[in-house]
Amino acid sequence: MLKLYGCVVDFGRAEVRKEEKILPLTAMEYRLLKTLAKNAGRIVTMDAVCEALWGDNPFGYENSLNAHIRRVREKIEKNPSTPVSLVTIKGLGYRLIVRK
């Protein structure tokens with residue numbers, strides 16, 4: 001289980017528990033969160049995330065990545081427009097901030 005601010009991610013069940021609601025994760029959302037969770041607290045570059053999701057030829061997937069990031073934020077954040085758990089590091093990539 002991964003504890004974030006405002007929710008808990010259960011990778012074993014591929015779901016997010018947020019305010020008494022259970023939100024299922026798609027396969028892509030699961031892989032995205034798993035990739036970021038392995039590097040929790042550290043910046044993961046956009047290229048590294050795209051490669052983890054789409055394999056050896058990740059170029060051209062930036063728009064798709066942005067859409068997936070948005071959908072994940074809608075599930076894990078209280079306010080997806082001002083994220084506190086899945087943060088964009090401008091020009092570099094993303095950081096997943098976990099609760100201890």
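Start at Lys3, which stands opposite Val8 in E2. This is a predicted model: local features need pLDDT of at least 70, side-chain atom pairs count only at pLDDT 80 or more, and totals for chains, interfaces and linings use all residues. Residues are numbered from 1 along each chain as its sequence is written, and side-chain values use heavy atoms, with hydrogens and water left out.

A word on names. Helices (H or I, at least four residues) and strands (E, at least two) are DSSP runs, numbered from the N terminus. Two strands pair if DSSP finds at least two bridges between them.

Strand E1, residues 2-4, runs antiparallel to E2, and three bridges join them. The E1 and E2 hairpin has two residues between the strands, and Gly6 there takes a positive phi near 100 degrees.

Next hairpin. E2 and E3 are antiparallel, over three bridges. Asp10 has Glu15 in E3 as its bridge partner. Four residues sit between E2 and E3, and Ala14 in the turn has a positive phi of about 55 degrees.

Then E3 to E4. That pairing is antiparallel too, over four bridges. Lys18 has Lys21 in E4 as its bridge partner.

Axes here are lines fitted to C-alpha atoms, for helices over the stretch in contact, and angles run from 0 to 180 degrees between N-to-C directions.

Now its pairings. E5 and E7 run antiparallel, joined by three bridges. Val44 stands opposite Tyr94 in E7. Strand E6 (residues 86-89) and strand E7 (residues 93-96) are antiparallel over four bridges. There, Val87 stands opposite Arg95 in E7. E6 and E7 form a hairpin with three residues between them, and Gly91 in the turn has a positive phi of about 80 degrees.

Now helix on helix. Two packed helices are described by the angle between their axes and the distance between the axes. Helix H1 (residues 27-38) and helix H2 (residues 46-54) pack at about 135 degrees, with axes 10 Å apart. H1 and H2 are therefore oblique to each other. The cut-offs: angles under 35 degrees count as roughly parallel, over 145 as roughly antiparallel, 65 to 115 as roughly perpendicular, and the rest as oblique.

Who makes the contact? From H1, Met28, Arg31, Leu32, Thr35 and Leu36; from H2, Val49, Ala52, Leu53 and Trp54. By class, that is seven nonpolar, one polar and one charged. Ala, Val, Leu, Ile, Met, Phe, Trp, Tyr, Cys and Pro count as nonpolar, Asp, Glu, Lys and Arg as charged, and the others, Gly among them, as polar.

H1 also meets H3. Their axes come within 10 Å and cross at roughly 85 degrees. H1 and H3 are therefore roughly perpendicular. H1 brings Met28, Glu29, Leu32 and Leu33, while H3 brings Leu65, His68, Ile69, Arg71, Val72, Lys75 and Ile76. That contact divides into seven nonpolar, one polar and three charged residues.

Last, the rings. Rings of Phe, Tyr and Trp (its six-membered ring) pair if their centres lie within 6.5 Å; planes under 30 degrees apart count as stacked, over 60 as edge-to-face and the rest as tilted. The count comes to one aromatic pair. Phe11 and Tyr30 are edge-to-face, 5.6 Å centre to centre, with 80 degrees between the planes. Phe11 lies in the loop between strand E2 (7-10) and strand E3 (15-18) and Tyr30 in helix H1, so the pair ties together parts 19 residues apart in sequence.

How values were computed: Contact = heavy atoms within 4.5 Å.
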